[in-house]
Amino acid sequence: MIAVLTAALLAAGCGGPAPSEDDDGKVSGTVRLLTPIFEGADGKAVLDKQLADFKSKYPDVAVEVDYTSYGKLNEKLTTSIAGGRPYDVMLMGVGWIPPFAAKGALAELDESKQDLTKRYNERVVEPGIYQGKVYGLPIMLDTRFGLYRKDIFAEAGISAPPSTFDELREIGRKLTVRDSSGKLTRAGVDILSNDLRQTFLPLMWANGGELWTADGKPAFNSPQAVGALQLMTDIIRTDKSEDFGFTQPGATGLPLAQGRAAMMVGHNNHLLAIEEQEPELIKDDKIGFFMIRNERPAMFQGGTLATVSAKSSHPAAAKALVSFLTDEQASLAANEQRGNVPALNSLADSEYVKSNKAAQFAMENLDAAFSEGGVPAWLEIRGDFKAAIEAALLGQKTPQQALDELTAKAQAAIAKG
């Protein structure tokens, strides 16, 4: 699929200028929207309501929606480009802008970083920028940070969540419970329920590491990055604070909600999962949040951005739709539907954020947010992280060996261009 992406985008040519009005001076035409959010019947109802409002503002614009998942998004995008009929408006994840902008698939938007930072935290703006130009506007954020059971901590006489890697391990060991046969019944710290790459990266950033050097070379085999993977390995293999197979990403029952984990590196919308599974935990305020810390505090920031195709037949209408989907009303509705974190600073005072402690915590800590991506080859590189991390956690390779091999693969992917 990466080869198809490259060939298709090279054929498409370079990106165009910022969208302007159509030739007749009107914002009009039919625009095709590809979205990996607003999924399911509830999501469709939310988007239908927003598009009805958009139609009332732009009566000469029709919107055709194609719903997909993030798992199928890349295939949808590359197929449409290869077929010569790209979507006009494409919603993409953090890390996706460089691969598509570098190949000329995205139109530059008539926004400046300086103006955007008046509406968003600078950390939120950066994933939509490539080589100094703005190609994507954020709709929502997906964040990862620490969650813990206040009641389990209190029962053990622990008054605060960890603020260093040493404390994370110490508390994890103290709160791990096994039965008389040695079977794990409660993980002291759960690092397996979340996507492994998205657990490793905030640990790496917290340890002072970076994904890339200043000149764009892989830095995820640095001493800081190796130290982060060593921490994960020690939690599993030395401390035995969690066992492989005890939990899996996307499992129906969240160990933290079930009392089978005392703390975890998790997603902001895990709060909604806990509320659905064990509503009393939310009612009694038994779920707390903490930043991952060692050399500095760090929080993983993903999210969804809206972009315009460089080959849109109706660029003014496409730009209008992007502006609409990223404004307060539509983006708030999208975040409420998914339980995500609003990107706009102004929505920090919304009733939704005030009622969602996870979203509130994330917005309060955006100055310490870090995002993945950054290079055109990212969509190819990111898939190799899981195997590298697993190899270390299973003891098949040392953290240094695993990350050195991952770095070599990344270098090869970047060299291919």
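A crossing is called left-handed if the near helix is turned anticlockwise from the far one by less than a right angle, and right-handed if clockwise. Helices (H or I, at least four residues) and strands (E, at least two) are DSSP runs, numbered from the N terminus. This is a predicted model, in which local features need pLDDT of at least 70 and side-chain atom pairs count only at pLDDT 80 or more, whereas totals for chains, interfaces and linings use all residues. Residues are numbered from 1 along each chain as its sequence is written, and side-chain values use heavy atoms, with hydrogens and water left out.

Helix H2 (residues 40-57) passes H14 in a right-handed crossing. The axes of H2 and helix H14 (residues 315-325) come within 11 Å and cross at roughly 125°, which makes H2 oblique to H14. Here axes are lines fitted to C-alpha atoms, for helices over the stretch in contact, and angles run from 0 to 180 degrees between N-to-C directions; angles under 35 degrees count as roughly parallel, over 145 as roughly antiparallel, 65 to 115 as roughly perpendicular and the rest as oblique. On the H2 side, Leu47, Gln50, Leu51, Asp53 and Phe54 are in contact with Ala317, Ala320, Leu321, Phe324 and Leu325 of H14, contact meaning heavy atoms within 4.5 Å.

Helix H10 takes part in two further pairings. With helix H19 (residues 385-393), H10 (residues 223-238) has its axis within 9 Å and crosses at roughly 45°, and H10 is therefore oblique to H19. This crossing is right-handed, and Leu229, Met232, Thr233, Ile236 and Arg237 in H10 meet Ile389, Ala392 and Leu393 in H19. With helix H8 (residues 165-175), the axes come within 11 Å and cross at roughly 15°, so H8 is roughly parallel to H10. There, Phe165, Leu168 and Arg169 in H8 meet Ala228, Leu231, Asp234, Ile235 and Thr238 in H10.

The largest pocket is lined by 24 residues, of which Glu126, Trp212, Ser371, Gly373 and Gly374 lie nearest its centre. On a 1 Å grid over the protein atoms alone, a cavity is a set of points where a 1.4 Å probe fits but cannot get out, while a pocket is an open set with protein on both sides within 12 Å along at least five of seven lines, and lining residues have an atom within 4 Å of a point. Strand E4 (129-130) and strand E14 (369-370) are the elements that give two or more residues to the lining of this largest pocket.
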